[in-house]
Amino acid sequence: MLRFCLHRIVLGFVIVILAISTLYVLVQAAPGDPIALMVGPRATPEMISALKERLGLDQPMPVQIFNFLTGVAQGDLGLDIKTRRPVIDEVLEQLPHTLVLILASVILAAGLGIPLGCYSALHQNSWADRLVGILSVSVIAVPSLIIAIYGMILFAVHLRWLPAIGLGERGNILDQLHHLIMPAIAVGIGWVGYLARLVRAAMLEVLNEDYITNARAFGLPERWITFRYALRIAVAPTITVLGIGVGYMLGSAVFAEIVFARPGIGKMMYDAVSVRNYPVTMGVVLASTILLVAATTVSDLINALIDPRIREAQE
Amino acid sequence: MSRRDSLVAAAKSTGRSGFQRGFQNLLADPMGVFGLLLVLTLVFLAVFANFIAPYDPAKIDVPSKFLAPSWDHLLGTDELGRDMFSRALYGGRVALKVALVSTFAALAIGTFLGFLAAFGPKWLDHLIVLFLDTIRAYPTIILALAVGPMFGAGVWTVIGILVATTIPYYGRIVRTATLSVMQSEFIDAERAMGASIWRITVIHILPNIIGPILILASMDIPVIITAEAGLSFLGVGIKPPETSWGLMLDQGYKFIGRTPWMVISAGIPLIIATLGFTFLGEALRDAFDPKFKREP
């Protein structure tokens, strides 16, 4: 188990380092020169080379990558071109808002999706099962951007049940939760469907296993078998999926944050892209890549804890 | 059951004779037929957009701006008086083009890398898997927002980003499926008879895994369509004068307080497309994948 954990964590670090280096090379190689944009159209070649020297861009690529990585490791993501503040501070300021949104979506997805999937599996082929099936596929299909916009029109503009924009009043938890409902639904509703289907399929498979039949033969109560044995195994894949899902949710969060004018790294990214504030966009990509790799790693580790077959397969 | 297991099962069982049976299964599934009809309609409308569109999608007619949907303008008009229905038809062309080109390019490159990893020496396998995992570490939309503007917004940038971020999806699946088919006895027999690696790949492995992988590709099409619309909405995708469903949503969103139906209209084609392709993809998988087949 320890070996598995170490292997997974080291692999996570390697992937983060590779991803950051690749991104750095990609940005330097891109046709739109960030330096030319930073200094503006009237800069002389001398000014450009002076800035390049100051930023260390005249050194060989491996040295640049190494310098950049050490900078990132020390939390140095450069300065925001507009505000002149360290990018890391701004990212850390905005990140919690996005994390809260993603967490709320995960809670929604797991809280609704797992029971629905479980119910569907236990009542296989009933009309409720079929309905859950069709609704699940539908919510998986419809883009979160559409759900955000339609939700806003229906619940904020038309019915006026929910607030349209913003985070809510600072310090007022209830108001903030109220503002969280629609963005969280936009980001999470597709995952409700996804998890419902996943749990249903996994439950059906587990319930056919020999050891479940065995447990029934021993006369264990059905409730005990369902929740203690079957669900425990059936939930394992949802954790992996949620780990990978964080990446997709980060994407959906960008749309939810823009549509609902909600602070967060997605909104920050969007605002930075439109004014070509490259240090900020790089900072957000780095932060979200690290977040994504961390989420996948953690979900793998939790999975290995729950299901011994997984760690045996890896070792 | 994981997608990998189901794929492996499908890889082992889809044969040529299974094709007809699978197609019959598909036609017996009401949701599958529903998806198929939506997709066929969409493809028809996009291909024949220039015959079907009642107006020139770029024709500005300011006096009739912000018109509500009516028989004259099925989806209404935008802030410049352009017919939203006609624009949606041409937007469908862009969406389908991006979806098909990106899916096939990613499928081809991913399949190649997957084969290479499965057949190559151990170090190459590790290297390719690490490479695929590294690409997978980037959140697509955020990466696209960062990289897109550097390469200039436009159809080919969108396709490039979507291909790059989808390659790992196919690469990993092809690798796993190939490795599992390689363990079959008939491959051992072929090898014992001295068959070349090319013969084994082209004659035996490819036909065994191509069906399930095409089905997975069909399930990825709505994701690609959504991503294109999303990137265009964010301003890093399709640029005017070309039309995109995402651009229409962006326009409509700007006037959401004034005329909400404009953004509602803009969302309809995207909903139809994603629903159609998703239902069809799911039904295709159910129809051809015996492990997912519905109980009698």
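This is a predicted model: local features need pLDDT of at least 70, side-chain atom pairs count only at pLDDT 80 or more; totals for chains, interfaces and linings use all residues.
Let me start where two helices of chain A meet: A:Ala253, A:Val254, A:Glu257 and A:Ile258 in helix 10 touch A:Gly266, A:Lys267, A:Met269 and A:Tyr270 in helix 11 of chain A, where two residues are in contact if their C-beta atoms, placed from the backbone, lie within 7 Å. Helices here are DSSP runs of H or I with at least four residues, strands are runs of E with at least two, and both are numbered from the N terminus. The residues of this contact between helix 10 and helix 11 of chain A divide into 5 nonpolar, 1 polar and 2 charged; Ala, Val, Leu, Ile, Met, Phe, Trp, Tyr, Cys and Pro count as nonpolar, Asp, Glu, Lys and Arg as charged, and the others, Gly among them, as polar.

Residues are numbered from 1 along each chain as its sequence is written, and chains are lettered from A and ligands numbered from 1 in the order in which they are written.

How do those two helices lie? Two packed helices are described by the angle between their axes and the distance between the axes. Helix 10 (residues 222-259) and helix 11 (residues 265-274) of chain A pack at about 75°, with their axes 7 Å apart; the axes are lines fitted to C-alpha atoms, for helices over the stretch in contact, and angles run from 0 to 180 degrees between N-to-C directions. Helix 10 and helix 11 of chain A are therefore roughly perpendicular, given that angles under 35 degrees count as roughly parallel, over 145 as roughly antiparallel, 65 to 115 as roughly perpendicular and the rest as oblique.

Turning to the chains as a whole, chain A has 13 helices and 0 strands, and its C-alpha trace spans about 85 × 55 × 35 Å along the principal axes. Chain B has 12 helices and 0 strands, and its C-alpha atoms fill a box of roughly 80 × 50 × 30 Å, taken along the principal axes. Buried residues make up 40% of the 315 residues in chain A and 51% of the 296 residues of chain B; a residue is buried if 20 or more other C-beta atoms lie within 10 Å of its own, exposed if 12 or fewer, and partly exposed in between.

Leaving aside its neighbours within four places in sequence, A:Ile185 is in contact with A:Leu108, A:Ile147 and A:Gly151.

Now, where do the two chains touch? The contact takes 41 residues from chain B and 46 residues from chain A. On the side of chain B that touches chain A, helix 12 of chain B gives the most, with 11 residues, and the residues of that side divide into 29 nonpolar, 9 polar and 3 charged.

Finally, consider helix 11 (residues 245-254) of chain B, where 9 of the 10 residues are buried, so that helix is largely enclosed by the rest of the structure. What covers its buried residues includes helix 7 (144-158) of chain A, together with helix 5 (84-119), helix 10 (197-234) and helix 12 (260-288) of chain B.
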